[in-house]
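My notes follow in the order in which I took them.

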Amino acid sequence: MALASPAAVAIAVPARRPAQRSPYPTWFFLPAAIIYAVLFLVPTLASLFFSLTRWTLFNWTFIGLDNFVQFFREPFLVQGLINTLIYAALTSGLKVVLGLLLAVFLTSEIMARDFLRSVIFFPVLVSTVGVGITFTVLMHPTTGAINETLALFGIKGPGWLTDPRLALISVALVDVWKGLGLATVIYIAGIVSIPQDFYEAAKIDGANAFQRFWNVTLPLARPATITVVILSLIGGLRSFDLIWSMTRGGPGFTSDVLASVIYKQYQAGFYGLSTAGNVVLFILVAIIIVPVSIFLNRKERTP
Amino acid sequence: MPIHTTRRLLLGAVAGLALSLTAMGPVFAQDPVTLSFLIDNGAQTIPVAQKLAAAFEAQNPGIKIDVESRPGGTEGDNLIKTRLATGEMTDIFLYNSGSLFQAINPQQNLVDLTDEPYEANVLDSFKKVVSSDGRVYGVPIQTAMGGGVLYNKKIYADLGLSVPKTWAEFMANNAKIKAAGKTAVIQTFKDTWTSQLFVLGDFYNVQAAEPDFAEKYTANQAKFATSPAAVKGFQHQEDVLKGGYLNADYGAATYEDGLRMLSAGEGAHYPMLTFAIAALQQNYPDNLKDIGFFALPGDDAAKNGLTAWMPAGLFIPKTSEHQEEAKKFLAFVASTAGCDIQTEAVGVTGPYLVKGCALPADAPPSVTDLLPYFEKADGNAPALEFVSPIKGPALEQITVEVGSGIRPPADGAALYDEDVRKQAQQLGLPGW
């Protein structure tokens, strides 16, 4: 858990400029450097070290890469890895599609636009654990509100969180509901910043509403898309609190993701092993996000 | 004259000083010492600890006890380990005996209580599970428990059933209960820990069939998957699922739901530890007389016995600055007066592990059902977690999977063996 936020890897590195003498004396940077070293550098290096040990908090033994070998041998870990990717792709994809559609709707001339915009943002403000507990109650297979409503129409609802095939998807849908507001707001900002001239020009050229959306809104809202994709991918890859509060990775291991597997190893007292898991998570996030970020940003610079 | 006066004055002053010193002696001693006392936040632990602390304070005006609570389960394990590792542990703390106790490095972290006079009051069966290398480190709090089946006596009476002594009899009872339109076996997988009873509570039968299982298992020579006796616990889970004996919402039901269904007579059997009797006493006092208990049956009616759980212990960390006062409190808990106060606080849920502690005559039937197992010489065997330091942390997820049909029993047992290996390596046991 000590690794620095993976978000850091998403920041594009600016082109190197010729070295310039700083106007500030060196000691001026010292406080920030000390804070950085103590709070980020040391824990990161320490976690890299402890991931190579069998660590009980009281003492440690150096065991080389055994933790990583063990980590990949665990059957529910591979499952967790696959689930993580499914979860990240599903939530990220749905947030992009639904967020964009809602943003287009909420930037059009409709009644009570500001009110509707705040309504869509509301779930973002609620505590994740609170949302998780609420939906757990709503999704109860026999007494939950969702299945009771379905029963009114004569449909026998599934065990949303207890059916091993559905549990992960149910949690992902709740995640989308909760995070959609943020994606929508980012898209609204992106769409609003598109100059009206483009739309007028397109209209004069005889483009219909769909063509205006496809050829003007979509390409020009690209920076917003990049932000939404990267934020929701990172969020999805390291998602933990919602899954933990809804299913605890269950039933059994069927909705376990990397973060919940790591948490369980940590709870069980396998400190070295869980630290190794965090290193794996860090590398995984970096492997996925860096190319995505480079790809999306390059397209942006050379349209 | 002036000399005399001075001398007399001096004498007087010295005498006065001596007097005031003796007078002040007890004052110094009475300077109140505050002991911090960390307990888990279980619904029964809190009243027990508070009553014990209050009674102890009344007897020892110089000592105050400050009760702090912590979460239970693995989160609590973590907290205990972290506080011990950082030297921030309270003066006294409550923690599991058995394998979890072994995992906190007793020799390095805890005060040795072997030679304390009050350890003579503690039963040997408990001393064994709080010992490391022959040294004793704790005293018992609360009562011993059994892992087996809490059952509804009313349903049994209505259907004319008798307590099963073999698994086949148990399944036959289940069939009759199902035919009568009731839930035969209650399972509550939302609280995953409740799913482990079929496996953990079957250990009496495992050790009856393979007496050296625990020893070999600790030495990496016996496995759940390859031992015909040990794999049966997982098999039994599949049996009750495939028989259609479970409550419809077994995947989403909680421990509280299970207790409610059992008390209300919606379900007949709830595999559980007997500490649930305290919760039943608190929440469903009117139905308590309808609830009985029996040990999980095995294959042989002649070898029917109980898998027993030892209660938690109280321990003193070496970092405590008030070890003498803390020991005084432990002596109080390990006395008959201590037992009586615990009974007063939450009622009685099983036998105490302190010599001379008696149970009240009005104990509920589930508790009196439990006693014969403890009175017979080979009527009970400690659970595996008390005779081996290794317990895999993922068992509760595995038993949920086997119990819901996601994973076949043999696979579940093999997966658990893999899980156990990690724990053994973490503890640095030989042979792994």
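**Notebook: core, annotated domain and a strand**

I began with A:Tyr187 and, leaving out residues up to four places away in sequence, found that this residue touches A:Gly99, A:Leu100, A:Ala103, A:Ala221, A:Ala224 and A:Val228. I note that the model is predicted.

I next looked up the nonpolar cores. The largest one has 173 residues, and A:Tyr187 and B:Leu150 have the most contacts inside it. Helix H7 of chain A, residues 167-192, gives the most to this core, namely 14 residues.

I then consulted the UniProt record for chain A. An unreviewed entry annotates residues 81-292 as "domain: ABC transmembrane type-1". Over residues 81-292 I read 75% helix and 0% strand, with the end C-alpha atoms 19 Å apart.

I turned to chain B and strand S3, residues 92-95. Which way do the side chains of this strand point, and are they buried or exposed? I found B:Ile92 and B:Leu94 pointing one way and B:Phe93 and B:Tyr95 the other, and all are buried. I recalled that side chains in a regular strand alternate between the two faces of the sheet.

Strand S1 of chain B, residues 33-40, runs parallel to S3(B) and is joined to it by 2 bridges. Within this pairing I recorded B:Phe93 as the bridge partner of B:Leu38. Strand S12 of chain B, residues 313-315, runs antiparallel to S3(B), and 3 bridges join the two. Here I recorded B:Leu314 of S12(B) opposite B:Leu94.

Definitions and conventions:
Residues numbered from 1 in each chain as written. Chains lettered and ligands numbered in written order. Predicted model: local features only at pLDDT ≥ 70, side-chain atom pairs only at ≥ 80, totals over all residues. Buried ≥ 20, exposed ≤ 12 C-beta atoms within 10 Å, placed from the backbone. Helix = DSSP H or I, 4+ residues; strand = E, 2+ residues; numbered from the N terminus. Pairing = 2+ DSSP bridges. Core = buried A, V, L, I, M, F, W, Y, C linked by C-beta atoms within 7 Å. Contact = placed C-beta atoms within 7 Å. UniProt positions renumbered as here; feature names shortened; annotations may be inferred.
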